[in-house]
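Hello,

Here is the structure I said I would pass on. Please have a look, then read my notes below.

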Amino acid sequence: MYEGPVQDLIDELGRLPGVGPKSAQRIAFHLLAAEPADIGRLQDALQKVKDGVVFCDVCGNVSAEATCRICRDPRRDLTLICVVEEPKDVLAVERTREFKGRYHVLGGALDPLSGVGPDQLRIRQLLTRIGTDVNEIIIATDPNTEGEATATYLVRMLRDFPGLTVTRLASGLPMGGDLEFADELTLGRALSGRRSM
């Protein structure tokens, strides 16, 4: 344990996701040794994030303006909406360069044990976005308990919309993987989600 501000910094850094106690300590001591100009740039960047980043009025993605660049892009397919849990998931899908539609960010996943129900997510906003233009909703929630519960809930909410196709991202084996190293659940999903060639 260190004293005063150093320990306070380590404690605050340790609260960040993915940063354990040792990483927090390394970052803190890196910051202590950094030049004042470097610290100033970090402070400015943190302040700009808090002051200048908003959530898109349409999809809920992070944006510098009221409407994000994806929702403003006229080349995007209005008939497709990919539903994701968090803004970081939008970036993951965008990196594939396979999806040309628009997004809807829920702001999390259903997790009753943590007090996250349908009212805490942007599900109502999704339902209001579905009009005559939308033909397909792609549910791209995480393949874990909360993501599956969210996907199941969304399917129930969306099945009554006439002419709307609701799909779920396929799950299964990673490219370059070996069958012998796949766990039973992953291999089972790959078998049940197989497609003709």
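Accessible areas here come from the Shrake-Rupley method with a 1.4 Å probe. On that basis, the protein exposes about 13600 Å². Carbon and sulfur atoms supply 56% of that area. Please keep in mind that this is a predicted model.

First, the fold. The protein has eight helices and six strands. From the N terminus on, their order is α-α-α-β-β-α-β-α-β-α-β-α-β-α. The radius of gyration is 21 Å, well over the 16 Å that the globule rule gives for 197 residues, so the protein is more spread out than a compact globule. Its C-alpha trace spans about 60 × 45 × 35 Å along the principal axes.

Next, packing and charge. Of the 197 residues, 29% count as buried. Take the contacts between residues at least 6 apart in sequence: 48% of them join residues at least 24 apart.

What is the nearest side chain of opposite charge to Glu85? It is Lys88, 6.3 Å away. A salt bridge needs a side-chain nitrogen within 4 Å of a carboxyl oxygen. Glu85 has no salt bridge, yet is buried.

And what does Glu85 touch, not counting residues up to four places away in sequence? The list is Val105, Leu106, Gly107, Gly108, Ala109, Thr141, Asp142 and Gly147.

Best wishes

Definitions and conventions. Residues are numbered from 1 along each chain as its sequence is written. This is a predicted model: local features need pLDDT of at least 70, side-chain atom pairs count only at pLDDT 80 or more; totals for chains, interfaces and linings use all residues. Side-chain values use heavy atoms; hydrogens and water are left out. Helices (H or I, at least four residues) and strands (E, at least two) are DSSP runs, numbered from the N terminus. The radius of gyration is taken over C-alpha atoms; the globule rule is 2.2 Å times the number of residues to the power 0.38. Buried means under 20% relative accessible area, exposed over 50%, partly exposed in between (1.4 Å probe, protein chains only). Contact means heavy atoms within 4.5 Å. Lys and Arg count as positive and Asp and Glu as negative; His and the chain ends are not counted.
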